[in-house]
Amino acid sequence: MSTTFTASGDQRSLPVPDGLDGMRLDQAVARLFGLSRTAAAALVDAGEARLDGTVRANSHKVRAGSWLEVTLPAPAATPVTVPQAVPGLLVVHADDDIVVVDKPVGVAAHPSPGWTGPTVIGGLAAIGHTIATSGAAERQGVVHRLDVGTTGVMVVAKSEQAYSVLKRAFKEREVEKRYHAVVQGHLDPLRGTVDAPIDRHPHHDYRWAVVSGGKPSITHYDTIEAFPSASLVDVRLETGRTHQIRVHFSTLRHPCVGDLTYGADPTLSGRLRLDRQWLHARELSFQHPRTGDEVRFVSDYPDDLGRALDILRD
């Protein structure tokens, strides 16, 4: 593959791989260059993708071996961490190597393109915590993430040693991550495992889905309490894919209550006065990166999730 850098981005030229034979042009461009389908389609519409020297429509089926020339957009500016006080961000534990927080709803783990709201990293900076510099610029010190709409316990590395040790521990599945979720209906069986690969949704940006060829994703669950219309479940993640719990339970046709993105019933969500998914990072256990001692942190339910449970129990 050849690459030429330009003021607006860079130009890529390569033959279409055999594995993409017969795929739509916009899908092929998205797959090859890690773009969203929307971004890839806009690029093709703008005439920035040519097959054998000819501009084609998004729906055109590519053929293996055809010569593809694409001008990619210039990369977005790297988001910068700005110290910003975050109401409700509770520091559960802090030492020279790690800081463990109880993340409130509406807070992202770190800065990202398009996000202008509060972040865990910005909140920690505002109260004087210095975070490890390892990792991408916008997510330095972040070894795992929680969705903006998911609350609960999260660890951030403060020392470079802690970053390296915890990143490896998460990768090797040596960290126990337990969540509590309220899902619609009653699971059958009440205890089980979902082993289904996850990748970006083929048609919807910002959503993920169970797709053939996706990344291996394993979720273990156990029903704690059943209500007439929903169930409280304990969830243990063996892997840590984006939206993994939400996608897996939606695939089982038992989406998290309140999770309208993944098919939750809006009527039930309204009755429970929820405007986000009922999903909480309940517990995090791992070996301390310096001492090697097993540490465990637990987070109580926030008010909105506790209130929803009370309504279900009435």
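I began at serine 217, whose side chain reaches the backbone nitrogen of isoleucine 198 at 3.5 Å. I took a polar contact as a pair of N or O atoms within 3.5 Å; within protein, one must be able to donate a hydrogen and the other to accept it, and residues adjacent in sequence count only if both atoms are side-chain atoms.

The model is predicted: local features need pLDDT of at least 70, side-chain atom pairs count only at pLDDT 80 or more, and totals for chains, interfaces and linings use all residues. Residues are numbered from 1 along each chain as its sequence is written, and side-chain values use heavy atoms, with hydrogens and water left out.

I placed serine 217 in the loop between β12 (208-210) and β13 (218-226); helices (H or I, at least four residues) and strands (E, at least two) are DSSP runs, numbered from the N terminus.

Is serine 217 buried or exposed? I found serine 217 buried, at a relative accessible area of 0% (buried is under 20%, exposed over 50%, partly exposed in between; 1.4 Å probe, protein chains only).

I then listed contacts (heavy atoms within 4.5 Å). Leaving aside neighbours within four places in sequence, serine 217 touches, among others, Asp195, Thr239, Arg241, Gln244 and His248.
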